[in-house]
Amino acid sequence: MKVAFATLGCRVNQYESEAMAEKFLREGYKIVDFNEVSDVYVINTCTVTNMGDKKSRQIIGRARRKNPDAIIAVVGCYAQIAPKEVGDIEGVDVVLGTRNKGEIVYWVNKAKDEGEKQIQVSSVLKNKTFEDLNIEEYQDKTRAFLKVQDGCNRFCSYCLIPYARGAVCSKEPNKILEEVKSLAAHGFKEVILSGIHIASYGVDLEEKITLVDVLEIIDKVDGIERIRIGSIDPTFFTEGVIERLKNIKKLCPHFHLSLQSGCDETLKRMNRRYTSKEYFDIVKDLRNNLEDVSITTDIIVGFPGETDEEFKRTYEFLKEIKLSKMHIFKFSPRKGTKAENMENQVDGNKKEERSKLLIELNDKNEKEFIDNHIGREMGVLFEQEVSNKKGYYEGYTRNYIKVVAPFNCSSLIGKIVKTKILSGNMENAEGIIVSNN
């Protein structure tokens with residue numbers, strides 16, 4: 001039996017797809033590419049935007065056309081928010097939410113054996129139980145995602161994720177340590193800690209422990225050379241936290257601090273819990289204390305009530321702060337959120353204009369950030385051969401600059417290699433390997 005996976009959305013979904021794939025492997029299934037004919041298709045969905053829902057439906061249609069007799073299982077955030085809608089899509093056989101993905105093989109086999117649709121989605125709003133989806137045999141051997149937290153208690157006015165993922169819950173620190181040691185034993189050099197609101201790690205545990213404590217524990221594990229953290233709330237970085245982070249030698253100086261807007265009035269309507277000045281000061285503190293730090297972010301344009309003046313403030317803020325990369329999103333009203341019914345919804349053409357302006361600014365800032373590293377020798381963890389450039393390999397520096405360099409064999413993959421940055425463009429840096437020892 002063959003099974004294929006399609007994963008949309010965040011790093012947490014990537015981790016969970018890897019864990020589900022391992023469960024299928026243990027039951028004797030073979031993992032194949034999603035474009036191949038398969039007996040089972042698993043679509044791990046995202047519902048952050050309307051586009052995420054649309055992409056999920058398109059992928060379901062692709063699977064149905066590829067093999068009309070296949071079992072199609074739809075799991076994750078879109079399935080959690082709209083189980084009936086998903087279950088009514090032609091060809092869907094299994095619908096699971098966000099806190100029972102570990103049961104995927106059971107429900108797929110049940111649907112196959114009984115020939116009946118299986119919809120298993122329950123409320124997660126008060127579910128504070130962390131679902132352990134441990135991975136023992138990663139398919140990739142360069143860097144590993146490790147889910148340490150789930151859920152969110154913030155309820156930003158535009159966001160469905162608390163309804164899709166439920167309350168904050170954290171993985172026990174001893175289990176994190178065991179999994180990291182296992183990853184190191186399997187040859188991984190880098191581990192990426194991920195969660196839905198990772199800054200909240202530990203608030204639900206009886207033991208008083210924080211994300212910084214976990215980072216300090218992992219820093220002592222032999223074999224792991226890099227530790228990354230995924231998207232994180234800027235308010236996590238208090239003065240005391242930054243002081244402790246300075247002493248975590250393996251921590252990569254790259255942080256994705258979600259901003260969303262550079263205008264305080266807009267931030268207040270979004271129910272974000274910081275001001276633009278507080279965000280600016282946090283970025284300044286990180287830059288002053290952590291060498292080579294890279295700050296990336298998300299921005300929403302066209303949020304309800306965003307006037308030309310408010311957008312101008314955001315633009316000027318971003319122009320001044322010069323982040324290394326920005327992901328720009330046009331506001332997409334989500335059914336069930338407070339923002340859906342807010343007054344003064346912004347015209348689509350206006351959103352497009354604002355988006356283009358910020359993308360242009362981002363391209364300029366991103367290239368400038370890479371150019372500032374030209375001539376430097378930096379460690380690069382090479383991950384794969386460039387698909388359209390034979391003999392060239394790509395990987396990332398500690399501060400998350402993508403580097404492409406020539407090499408004569410694939411033994412480079414999975415190694416951290418000293419590489420000199422020669423040039424850059426808006427997407428990556430070009431380099432040459434200095435030492436392969």
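These are my notebook entries on what I looked up in this structure.

**Ground rules**

I am working with a predicted model, where local features need pLDDT of at least 70, side-chain atom pairs count only at pLDDT 80 or more, and totals for chains, interfaces and linings use all residues. Residues are numbered from 1 along each chain as its sequence is written, and side-chain values use heavy atoms, with hydrogens and water left out.

**Entry: domains**

I began with the overall layout. The domain assignment lists domain 1 (2-120), domain 2 (144-372) and domain 3 (376-433); such bounds come from an automatic or database assignment. The centres of domain 2 and domain 3, taken over C-alpha atoms, are 26 Å apart. Their contact (heavy atoms within 4.5 Å) takes 20 residues from domain 2 and 18 residues from domain 3.

**Entry: nonpolar cores**

Next I looked up the cores. A nonpolar core is a set of buried Ala, Val, Leu, Ile, Met, Phe, Trp, Tyr and Cys residues joined through side-chain atoms within 4.5 Å. Buried means under 20% relative accessible area, exposed over 50%, and partly exposed in between, with a 1.4 Å probe and protein chains only.

Which residues touch the most other members of the largest core? I found Leu 193, Phe 237, Phe 255, Leu 257, Tyr 279 and Leu 318, out of 60 residues in that core. Helix 8 (residues 211-218) gives the most to this core, with five residues. Helices here are DSSP runs of H or I with at least four residues, strands are E runs of at least two, and both are numbered from the N terminus. Another core lies apart from it, with 21 residues, including Ala 4 and Leu 8.

I then followed Phe 237. Leaving out residues up to four places away in sequence, Phe 237 touches Ile 232, Ile 242, Leu 245, Phe 255, Leu 257, Ile 282 and Leu 286.

**Entry: aromatic rings**

I counted rings next, and the structure holds 14 aromatic pairs. Rings of Phe, Tyr and Trp (its six-membered ring) pair if their centres lie within 6.5 Å; planes under 30 degrees apart are stacked, over 60 edge-to-face, and the rest tilted.

Phe 155 and Tyr 163 make an edge-to-face pair, 5.4 Å centre to centre with 75° between the planes. Phe 155 is partly exposed at 36% relative accessibility, and Tyr 163 is partly exposed at 33%.

Why is the pair of Phe 311 and Tyr 315 tilted? Their planes meet at 45°, with the ring centres 6.4 Å apart, so the pair is tilted. They are four residues apart in helix 12 (residues 308-321), which means about one helical turn separates them. Phe 311 is buried at 8%, whereas Tyr 315 is partly exposed at 21%.

Ring pairs also link Tyr 274, Tyr 279, Phe 280 and Phe 317 into a cluster.

**Entry: charges over rings**

A charge sits over a ring if NZ of Lys or CZ of Arg is within 6 Å of the ring centre and within 35 degrees of the ring normal. I found Lys 147 over the ring of Phe 130, 5.3 Å from its centre. Lys 389 lies over the face of Tyr 392, 4.4 Å from the ring centre.

Is His 254 buried or exposed? His 254 is buried, at 6% relative accessible area, and its place is in strand 12 (residues 254-256).

Asn 365 lies in helix 13 (residues 348-371) and is buried at 6%. Leaving out residues up to four places away in sequence, Asn 365 touches Leu 318, Lys 322 and Leu 323.
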